Structures are given as C-alpha cells and as structure tokens.
Amino acid sequence: MPAGAPEASCTCAAILDRTVEMVEADYAGFRIKVDAERREAYDRFKAILRTDAAGAGVDRCKEVLDTYLAFFQDLHLFILRAS
C-alpha cells in the first residue's frame, strides 16, 4: 500500500461494522434492548446506517456512529473522536 494511503479497514463502513460487532458481543444491555420484538427494526436500522457509512467522511462518520449508539438510549455507550 502506498505511503499515506488509507487502509481499507479505516473506512467508515468498516468502523461501523466493528462497532456493531463489539456492541452486539460486549454490551451488557444488548439482549434487553434488542429482543425478539425489536430485532427486525434493529436490523433495518443497521442496514440504513451501513448505506450512510459507505463513503462517509470523518465528520459524517461520527454522526453515523452516534446515531447507531443512540438506538440504545444508554449514556454508557459513546464514541470518542481522537483529534
């Protein structure tokens, strides 16, 4: 990969996918917030955000990630952006 070229794993879509994976695996409230009744809506919501994340720049990506975490309405989940 040429010097200064962004890695494929550093796209907004990849970051969203990793965030979703971590939340689904490690967030203690996930099974409560996404029960059988809410699963379909949650999956549709993720699909919409994945479309938004495709090609999103840094600022828009932060918004996409914040929107994903807002689904859970839990202040223990948040994204920090390094400057």
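I take buried to mean under 20% relative accessible area, exposed to mean over 50%, and partly exposed to mean in between, with a 1.4 Å probe and protein chains only.

**Basis of the entries**

I am working from a predicted model, in which local features need pLDDT of at least 70 and side-chain atom pairs count only at pLDDT 80 or more, while totals for chains, interfaces and linings use all residues. Residues are numbered from 1 along each chain as its sequence is written, and side-chain values use heavy atoms, with hydrogens and water left out.

**Lysine 46 and its partners**

I looked up the partner of lysine 46 and found that its side chain meets that of glutamate 24 in a salt bridge, at 2.9 Å from N to O; a salt bridge here is a side-chain nitrogen of Lys or Arg within 4 Å of a carboxyl oxygen of Asp or Glu. Lysine 46 lies in helix α3 and glutamate 24 in helix α1, so the pair ties together parts that are 22 residues apart in sequence. Helices are DSSP runs (H or I, at least four residues), numbered from the N terminus.

**Other salt bridges**

My search of the whole structure gives nine salt bridges. One of them joins aspartate 35 to arginine 38, with the closest N and O atoms 3.4 Å apart; aspartate 35 is partly exposed at 26% relative accessible area, and arginine 38 is partly exposed at 38%. Another joins glutamate 63 to arginine 60 at 2.9 Å between the closest N and O atoms, and both residues lie in helix α4, three residues apart, or about one turn of the helix. Glutamate 63 counts as partly exposed at 43% relative accessibility, as does arginine 60, with a relative accessible area of 35%.

**Helix α3 against helix α4**

I next checked how helix α3 (residues 39-53) packs with helix α4 (residues 58-70), and recorded an angle of about 175° with the axes 10 Å apart. Axes are lines fitted to C-alpha atoms, for helices over the stretch in contact, and angles run from 0 to 180 degrees between N-to-C directions. The two helices are therefore roughly antiparallel to each other, a term that covers angles over 145 degrees. The contact (heavy atoms within 4.5 Å) involves Tyr42, Phe45, Lys46, Leu49, Asp52 and Ala53 of α3, together with Arg60, Val64, Thr67 and Tyr68 of α4.

**Cysteines**

How many disulfides does a search of the whole structure find? I find one disulfide, a term for a pair of cysteine sulfur atoms within 2.5 Å. Cysteine 12 and cysteine 61 form it, with their sulfur atoms 2.2 Å apart, and the disulfide is right-handed because the torsion about its S-S bond is about 95°. Cysteine 12 lies in helix α1 (residues 12-26) and cysteine 61 in helix α4, so the pair ties together parts that are 49 residues apart in sequence. Cysteine 12 is buried at 6% relative accessible area, and cysteine 61 is buried at 7%.

Key: Angles under 35 degrees count as roughly parallel, over 145 as roughly antiparallel, 65 to 115 as roughly perpendicular and the rest as oblique.
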